[in-house]
Each structure stands twice: as C-alpha cells, then as structure tokens.
Amino acid sequence: MSAEVINKEDGSRAPAGEKSKAATILKVSDLKIHFPIHKGLFRKRVGEVKAVNGVSFEIKQGETLGLVGESGCGKSTTGRAVLRLYDPTAGEVIFEDRDIAALSAEEMRATRPRMQMIFQDPQACLNPRMTVGSIIAEPLVEHTSLSGQQRREKVMELLEAVGLNADYVNRYPHEFSGGQRQRIGIARALALDPDFIVCDEPIAALDVSIQAQVVNLLEDLQRERGLTYLFISHDLSMVRHIADRVAVMYLGKIVELSTVEKLFDDPKHPYTQALLSAVPVANPEIEASRERVILTGDVPNPSNPPEGCVFCTRCPVAVKKCFTVPPVWRELNPDQFVACHLVE
Amino acid sequence: MSGGVLRNSTEEVPVVQKGDSVLSVQDLRTVFHTQDGLVHAVNGISFTLAPGELLGVVGESGSGKSVSMMSLLKLLPMPPAEIVEGSVHFGGRDLLQLSDAELRQLRGGDIGFIFQDPMTSLNPVFNIGFQIMEPLRIHMGMNKKQAADRAVELLELVGIPSARQRLRDFPHQFSGGMRQRVMIAIALACDPKVLIADEPTTALDVTVQAQIIELVKGLRQKLGMAIVWITHDLGVVAGIADKVAVMYGGQIVEYSDVASIYSDPRHPYTQALLRTLPTQEGGRTGRLVSIPGQAPNLNAPPAACSFAPRCEHVGPKCWAANPPLFDIHGQHSSACWLESEGGTA
C-alpha cells in the first residue's frame, strides 16, 4: 500500500449517535448450535457439544461488531451460523426482517449474495488449481447472468479495488504472498456487492506489517461501499482499532457487549477484565508495572458447561450464587450489556 | 559488557571471555538447497548469551529466527539445509564440529528446546510420564523410580495438578496450555544451562499465554538458566526479555536491552514494526501504519541492506553495501548506515 493511501484520510469516524440511529441489519436472538456426539457401534447419541448456547446481539447498518474470545468459545460457529453455514438448533437469525434459519434452500440461495464471508486461512480457502480470475468470477457465474466479457471487467475492477494489479488475473494462488491471497479472498467476497460480511479471523495468519494493510483495506471498503462487518478475532488490540461495538464470548455465551470505548476503558465482566489484562503491551515500563489477572485452570468442556455462570469455575471473584444460578443478560447502560451477578 | 557483543560482519570478531557467556554464536550462515537454487535463510548472525539472561528474538515469518536457532543444535534436516559458516561455542566446545552422538548428549541435556506447537511435538502414542522420563534416564542415568519421582517434581513445578496420576495420561488428554507445560517440563528435565523456546506461546490463547509467561518468569528466578525466546509478538518480548534481537532477512538488524528497543528504536525496520501495532492504551488511533512492500527474497546473499526496498530513509549507501551492526552505546547496536560515522545513508 502506497504512502498516499495512508495519508488520504485522518481516520475519523462517524459519531456514535449517528450510527445508533442506523437500521438494524442483523438481529440474532437466543441462537443455539449444538453438535451431537455419537458413540458406540450403533452411533448412539450420547450428548452434545454446546458450541453456541444462547447468544443474542444486533448489528446495525454500516457498523463493525467485533466478536472476541478464546479458541473454542464458539465465535467462529456463531459467525457461520449467521450465514446459515450451520443450521441453528434453536433461535432466530433475522437478516433484514426475514428469519434466515427458517428459509427454504431456494430462498436461502437467493439471499446468499447479500451476505459473504472472508476466511481465516487465505491459503486454504483458495482452490490451488483455479486462476485468480476464475476464483473471483465463480460467484458471478453462480449468481448473476453477466456475459463472459462483463465478468472479466468486473474481476479487473475487483482486483483493483483490493489493491492488486489487474494483470495478475491469470496467475494461481501459490504465486502470491499471504497478504495478497487474503486480498483475493476479499475480492471474491465483494464480487456480488454484499451488504454484510462475516470476517472470520481475517488477519490471524498474517504478519504484523501485513495485518495493518489488510485492516486498512477492510476499513476503506467499508467506507466506500457502506459494508457491515461481523469481525471475529482473538486479537483484542486489532478489534479495538476496527470495531464500533465489541461482544466478548466465553464457552458458548456472550458475557459482555458494549461500545469499544466502554469495553476497553471500563470492562465490567470479570472475564473481560482478565482477557484485557492478559494482552501483552509493547512497552516494557507498562509491562513491568501493570497488575495481571492470571486465570487458573482451563475452559470447561462445552458438552458439560457449569450449571450457573459459564465463567464460575475460573472466576476470581465468584460467590456461591454464581455456581448455581445463571446470570441474566441485561442492559446495564445504553449500549452496554453484561451477564454477571456481581456487576451493579 | 555482558552479552552485548555481536557483529554482522566477519571481520573484527570480538574476543569473548570464557565465563562471560554461556552461549556464543559467531557469523552463523545457513542455506537451504532447493529446486530453484539456494535460499540464504541465515546470513551471518552473531550474538552472545550471558548466564541467566533472556534474549528475545523478534521478527516476521521468514526472517530466519527459527532457522538460526535450530541451526545451533543442527536440528534442521540436512540436506536440504546446510550450515555453511560460523561457530557456536557452548561449554568450551564448538557445537557445529561435534559428532551426532556428542550432539545427542547435549540436546535435551544441557540445552533444552521448547517447540512452537505442543500438539505435534509430543508423541501421541507414549504417555507423558514416559516422555518426561526419557531424557532423565538417558542424560542423567536415573533408574525408573528416580526418574518417575523427578518427573512428578517437574510437573508440579510447571503447575500441573495431581501430577503423579497424570504421568500415565497421553498427550490428547491435556489441553493446549497443559501440553505446553508438559513440553516445558521436558525441556527443563535435565537442568539445562540454556533453554531455547521457539514461539512457545504463539499457538495458545492470551489468558493461557499469560499463565505460561508468569510460569517462565518464576522458573527463571528459581533455576537461573539463560533463555532464547523466539517470538513475533513485540508485546510478549516487552514483558519478559532482558535483551532483544530484531531479525530481518536472516540477519540481526538491531540488538539492544529491552527498554531502549521500545523507547529509542534506531533501525528503520524496528521503528516501522513498532508503528504498525495498534495502541492498547489511550485513545483510538486513525489509520494503521503499514510497512509497504514485501519481505526480501533470500535467493542471494545480501549485497545491500535487505530492508532498503521498504525503507523510508533509504540512500545510495544502502544499495551499495550491507551495513554491519554499528554500536550506538554499550548495549545497543543497529545495522543501518544512518548509524555510521557520517550519519547518512
């Protein structure tokens, strides 16, 4: 990315008030996804992995909702369920007034061009035997009636939009670096002019200097095309940079959801506090002086989550009630939701 | 000056006093023979490690940080890898001249190694008790019972509860963080003088990473070994390292005590790398700064500064010759022509 792109813009954002007036594009209520566990000769169903166990959130038009959590907490499963790549066990996913979970296969196919996904591993999500041009054109072949010539023009346009040279159209994925491959994945996601994109750890596989390029590109595209993102990541500092609001997941539940400022300046849930204190800061003085909340133990098995609060087994401040009664998901302040007995 | 001596150039190799350092690497060069010719992965790195010191090695993928540390113990498959030059002095011997049998004596004995992925570095068909006891019986000549007792001690040391029962458990019965603790226990089994940790927390979640870092900090105080900690995370290094070596294109481009790297980075690459990080404290930043361009192609030994194509301070000198490490002050050096006597690139 060249210097002029970096200087083009001062990075200012729309004030929060303006965004909150925007229409809700996606509303998820009490979404559950349970994967069955089969055992024995007759593959008897013996239990289920409760990967997502009742999450609710809304995403407004044009905003970025960050979804953070540790591996195995169900954040990717949530992202996939929102696109109905998994069928939900229970709950609703309402995308522009229609419940996606209840659509027929044909109706779903007609809806798919509106919602796209950018995957984590740019190496694995591109077919090594297809040229870049045919990878990006594939959604156009599937969902539009463009002629070959029109498709080629569209592909060139997309390559330029993501900052790749249009001459690369006949090359294969292995000829590109990781950051460039991620750009190809982004171009493919943009091919059908979607409104909503699920970004599933789009920068996790990239080096730090390349991460910044891809994040800047995602922000530019959002501004130019009015995209809405669900940005799934375990990198809290990058989420702090890109997201408007952030949801923190733990063991299949969202434990806290608030604006990025509130979440990072004044985290309410003990898990959010522990998570933030665990992020290393690139400053030896701060590192030497800061107080860490070191969690003990491991995440419980999602097939057998604790009876009360999901976090009770590792929570440093848990009281008796936390082990028996699940906390209610409630709105503490406008735009600040938390599920914890101890937060006043 | 303990551990502060290093040069990129072959000339004026400093005389390292015995006892000054536990490990001293001079002008190490490693190449890979591939179908497309040679890949120069490590291009003359030199550093010394003082007893009890923690050296953080930072760099992006392909900067040669893992390959250089694997070269120390000849852990690379040869061929295709070949160590073409250099010396690695440890305990009065040059490790690169040792026979395979002599090296096996050292690996897992005096020098411990923690690998990045605890999933693939433990053997899935042996229980972890066997895997911890193996080095104890080979290197320390313990019998089964002594080794088992020591293994329990080690597992307790790294914070695994009900250690004696868990000796019979297999790797798949442990979580990622616990598996990495087992790896650390194995690496520590024979009281190594030097521990090389290759991205030991990269595959782990941040809360588990925080646990492992606290653990290593505690172990250092108790056991006093020297550690080389390879990572790409500048945040992790800030928390634990005494010295930092920043690698780029198979060379050390900046070497310093940990405070100066962050407060006064001198090499343009280090500066750029620090600027790419989104801030954790204070207000939100505007656009992220990225480093334009690509990582260098390593198909030839560096004839110019390998960062020159991406550097904002680039000058004619940078294209003419590869800069050696210039001393800035005692503990801080940078391989950039801006630090040369004239001060221009």
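Modeller: Gladly! This is a predicted model, where local features need pLDDT of at least 70, side-chain atom pairs count only at pLDDT 80 or more, and totals for chains, interfaces and linings use all residues. Residues are numbered from 1 along each chain as its sequence is written, chains are lettered from A in the order in which they are written, and side-chain values use heavy atoms, without hydrogens and water.

Colleague: Why are α7(A) and α8(A) called roughly parallel?

Modeller: The axes of helix α7 (residues 178-190) and helix α8 (residues 208-225) of chain A come within 10 Å and cross at roughly 20 degrees. Angles under 35 degrees count as roughly parallel, so α7(A) is roughly parallel to α8(A). Their crossing is right-handed, the term for a near helix turned clockwise from the far one by less than a right angle.

Colleague: What makes A:Arg292 and B:Glu214 a salt bridge?

Modeller: Their side chains meet at 3.8 Å, N to O. The term asks for a side-chain nitrogen of Lys or Arg within 4 Å of a carboxyl oxygen of Asp or Glu, so the pair qualifies. The count between chain A and chain B is one salt bridge.

Colleague: How many residues of each chain are in contact?

Modeller: With contact meaning heavy atoms within 4.5 Å, 46 residues of chain A touch 43 residues of chain B.

Definitions and conventions. Axes fitted to C-alpha atoms, helices over the stretch in contact; angles between N-to-C directions. Helix = DSSP H or I, 4+ residues; strand = E, 2+ residues; numbered from the N terminus. Parallel < 35°, antiparallel > 145°, perpendicular 65-115°, else oblique.
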